[in-house]
Amino acid sequence: MADNVVATFYYPPTGAMQVSAAELGETKLSKQGLDDDGRNKRTGTMWTASSHIITAVIGSGVLSLGWAIAQLGWVAGPAVMLLFSLVTYFTSSLLSDCYRSGDQSTGKRNYTYMDAVNANLSGVKVKLCGVLQYANIVGVAIGYTIAASTSMLAIRRANCFHGKGHANPCKISSTPYMLIFGVAQVFFSQIPDFDQISWLSMLAAAMSFTYSSIGLGLGIVQVIANGGVQGSMTGISIGAAVIPMQKVWRSTQAFGDIAFAYSYSLILIEIQDTIRAPPPSESTVMKRATGVSVAVTTVFYMLCGCMGYAAFGDAAPGNLLTGFGFYEPFWLLDIANAAIVVHLVGAYQVYCQPLFAFVEKSAAQRWPDSKFVTGEVEVPLLRGKVNMFRATWRTAFVVATTVVSMMLPFFNDVVGFLGALGFWPLTVYFPVEMYVVQKKVPKWSTKWVCLQMLSVCCLVISLAAAAGSIAGIKSDLKVYHPFKS
């Protein structure tokens, strides 16, 4: 009996022992400048996460929204844009809860989108997610290379039109500009990881506001010059501009363009992994960042897209600042397009870092003793060390995406296809499925049925958008000669 009393007095319940040990461990790690998982302390905040999201979201997609609304009209265009923003916010909130398994403050971290899928789903779904996520990242890299070269080309053409007159065709190949962008990305791609590109992300976010504001201002000036708002309730007119089937394909492609304009879920978990440790929990901070970012981008999208359509009506160009709806002031167009290029340099890196990390992690696990894969070489010119595998693989990736971009420089069609490819599976399906598993939502309950209906509706939209974009690319290929654009 005495033994029992003594034992009870000196040894607290097992749970208390575990909590105490965990607290001691966390305190020790914290003093060493490490987080609860032993990694370097994360320093991200709601504002840095928001800048990453805005950098990824307000990209080249904003420039095609005037064209997208022109296909849908004043009623459906803004309505579809608002619908996509709400769906993106909702599913991103579901996804942010999947960063940790179990408790949102102390549960096991999932460092990547694939880690989150692997922790909640299983089997073929994990492999399918990996293929879709990384294929979409490759596609985004190609799309951004096309968009950046288009903007650089637009600077040359704007100066040409200013000097030689608007009637001059000013035909210039986009190939050299894709090469310039590719060379820049070879250097920036050597930045090791997400935490070290915060400065680039913030600069890119500032640039996105710069060119969006210029596009908006020019649109307002054009509306005033026109003496009123152009466009119609149903969009581009059948007969005068397009045949009925073209109207259908263009409308579905417009859905893809708008979906691409909100596409960032595939890198949400990686962005969330930069946020400092609780309190508050990373999911709470990420939901705030998502709310701020989606609200800001939606306002900008509405203003830029609607103003582009109001200024040009059915003739709204596929790219507001490079389609030469505007010719003057040429210097302002140059500033806007230069801002686009700077933004896309950052956006390219924000999107590609997860893919870079995945390949390098896989290689290190497969060949842990290889000095080429895991070792570093001193480079006096850079005053630092360089991992040769990282330098080689990332350079090869940039070269490959640049070459493909030169072969398929169809801005609108590529943007629409990328949006369709990634929207349903990565923005809707996987977040919904993971939420159902993690929160143990009963099958056939009201919540389960509503979530599945949302997923099915978005699948139908994605398939229609993909079909429209493929039809557009097929049409472009009939008249295009590679490397001669």
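1. Let's start at Phe397. Leaving aside residues up to four places away in sequence, Phe397 touches Val138, Ala141, Tyr348, Cys352, Leu355 and Phe356. Please keep in mind as you look around that this is a predicted model.

2. A word on the chain as a whole: 16 helices and four strands are found in it. Of its 485 residues, 51% count as buried. Among contacts with a separation of 6 or more, 80% are between residues 24 or more positions apart. The chain exposes about 21800 Å², with carbon and sulfur atoms supplying 68% of that area.

3. Just after α11 comes Gly313, with a positive phi of about 60°.

4. Now for the aromatic rings: how many aromatic pairs does a search of the whole structure find? There are 13. In one of them, Trp74 and Tyr309 have ring centres 4.9 Å apart and planes at 45°; that angle is why the pair counts as tilted. The two lie 235 residues apart, Trp74 in helix α4 (residues 65-96) and Tyr309 in helix α11. Are these two residues buried or exposed? Trp74 is partly exposed, at a relative accessible area of 23%, whereas Tyr309 is buried, at 0%.

5. Helix α4 also takes part in a second pair, Phe84 with Phe423 of helix α15 (residues 411-438), 339 residues apart. Together with Phe255, Phe84 and Phe423 form one aromatic cluster.

6. Finally, the cysteines. Searching the whole structure for disulfides gives zero. Cys458, for example, is in no disulfide, and the nearest cysteine sulfur, that of Cys457, is 6.8 Å away; a disulfide would need the two sulfur atoms within 2.5 Å. Cys458 counts as buried because its relative accessibility is 4%, whereas Cys450, at 46%, counts as partly exposed.

Note on methods. Residues are numbered from 1 along each chain as its sequence is written. This is a predicted model: local features need pLDDT of at least 70, side-chain atom pairs count only at pLDDT 80 or more; totals for chains, interfaces and linings use all residues. Side-chain values use heavy atoms; hydrogens and water are left out. Buried means under 20% relative accessible area, exposed over 50%, partly exposed in between (1.4 Å probe, protein chains only). Contact means heavy atoms within 4.5 Å. Accessible areas come from the Shrake-Rupley method with a 1.4 Å probe; for residues, only the protein chains shown count as cover. Rings of Phe, Tyr and Trp (its six-membered ring) pair if their centres lie within 6.5 Å; planes under 30 degrees apart count as stacked, over 60 as edge-to-face and the rest as tilted.
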